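Trainee: Could you walk me through this structure and the words used to describe it?
Mentor: Gladly; have a look at it, and then ask away.

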Amino acid sequence: MEEKQVMLTAEGLKKLEEELEFLKSHKRGQVAERIKQAIDYGDISENSEYEDAKNEQAFVEGRIITLEKMLRNAKLIEGGEGETNVVTIGARVLLKDLEDDSEFEYTIVGSAEADPSQSKISNVSPVGKALLGQPKGAVVEVQVPMGKIKYEIVDINKKG
């Protein structure tokens, strides 16, 4: 089975590498220590501390496997700085909602980095898909559950 390519900015790649390093060098040891302490409490068949620590261990090991797979399949998005003529992954896009004239900014990132609370939207999200390849000044229409929204692309900059 072919593994899916993971699009990452340099910032996103660094963040995933740091998380993996933390899990391997610190968190594994902490969880192992919790398991050891729980075993010292005695009978593990009815020991909630032991069960909790084993569940955490499974989560940590699963996350390590996921991160290693993501990093193995990572494709670095070329950063560069300055203006660009079309929206690409890694670009910072200033949008204007044509219904209420509000403006907001998104950075288009790969799905592994998407974090709407940080204004980072995935290239496969409805808005991300609609914006990709569009030039400054274009009006895009995005289908959302409540209908259609129209945005004007006010400005495009490479993330820097």
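Mentor: We will take the terms one by one and set each value against its definition.

Trainee: What kind of model is this, and how are its residues numbered?
Mentor: This is a predicted model, where local features need pLDDT of at least 70, side-chain atom pairs count only at pLDDT 80 or more, and totals for chains, interfaces and linings use all residues. Residues are numbered from 1 along each chain as its sequence is written, and side-chain values use heavy atoms, with hydrogens and water left out.

Trainee: What makes a stretch a helix or a strand?
Mentor: Both are DSSP runs, numbered from the N terminus: helices are H or I with at least four residues, and strands are E with at least two. Helix α2, at residues 48–72, has 25 residues.

Trainee: How do you know what span to expect for α2?
Mentor: The expected span is 1.5 Å times one less than the number of residues in the helix. For α2 the expected value is 36 Å, and the helix reaches 36 Å from its first C-alpha to its last.

Trainee: Which record feature covers residues 6–75?
Mentor: An unreviewed UniProt entry places "domain: Transcription elongation factor GreA/GreB N-terminal" there. UniProt positions are given in the numbering used here, feature names are shortened, and annotations may be inferred rather than shown by experiment. In the model, the chain over residues 6–75 is 80% helix and 7% strand, and its end C-alpha atoms are 6 Å apart.

Trainee: Why is α1 called roughly antiparallel to α2?
Mentor: Two packed helices are described by the angle between their axes and the distance between the axes. The axes of α1 and α2 come within 9 Å and cross at roughly 160°. That makes α1 roughly antiparallel to α2, as angles under 35 degrees count as roughly parallel, over 145 as roughly antiparallel, 65 to 115 as roughly perpendicular and the rest as oblique. The axes are lines fitted to C-alpha atoms, for helices over the stretch in contact, and the angles run from 0 to 180 degrees between N-to-C directions.

Trainee: Why is Asn-47 called buried?
Mentor: Asn-47 has 9% relative accessibility, so it counts as buried (buried means under 20% relative accessible area, exposed over 50%, partly exposed in between, with a 1.4 Å probe and protein chains only). Asn-47 lies in the loop between α1 and α2. Not counting residues up to four places away in sequence, Asn-47 touches Ala-38, Tyr-41 and Gly-42, where contact means heavy atoms within 4.5 Å.

Trainee: Which residues of α2 are buried, and what do they pack against?
Mentor: The buried residues of α2 are Tyr-50, Ala-53, Glu-56, Val-60, Ile-64, Leu-67 and Met-70. They pack against β1 (6–8), α1 (10–40) and β2 (74–76).

Trainee: Is Ile-65 buried or exposed?
Mentor: Ile-65 lies in helix α2. At 58% relative accessibility, Ile-65 counts as exposed.

Trainee: Why does Lys-136 count as partly exposed?
Mentor: Lys-136 has 47% relative accessibility, so it counts as partly exposed. Lys-136 lies in the loop between α3 (126–131) and β7 (139–144). Leaving aside neighbours within four places in sequence, Lys-136 is in contact with Asn-85, Ile-153, Val-154, Asp-155 and Ile-156.

Trainee: How do you know that Ile-77 is buried?
Mentor: The relative accessibility of Ile-77 is 9%, so Ile-77 counts as buried. Ile-77 is in the loop between β2 and β3 (82–83). Among the residues that Ile-77 touches beyond four places in sequence are Met-7, Leu-8 and Ile-89.

Trainee: What makes the phi of Asp-101 worth a look?
Mentor: Phi of Asp-101 is near 65°, a positive value in a residue other than glycine. Asp-101 lies in the loop between β4 (91–97) and β5 (103–109), and at 52% relative accessibility Asp-101 counts as exposed.
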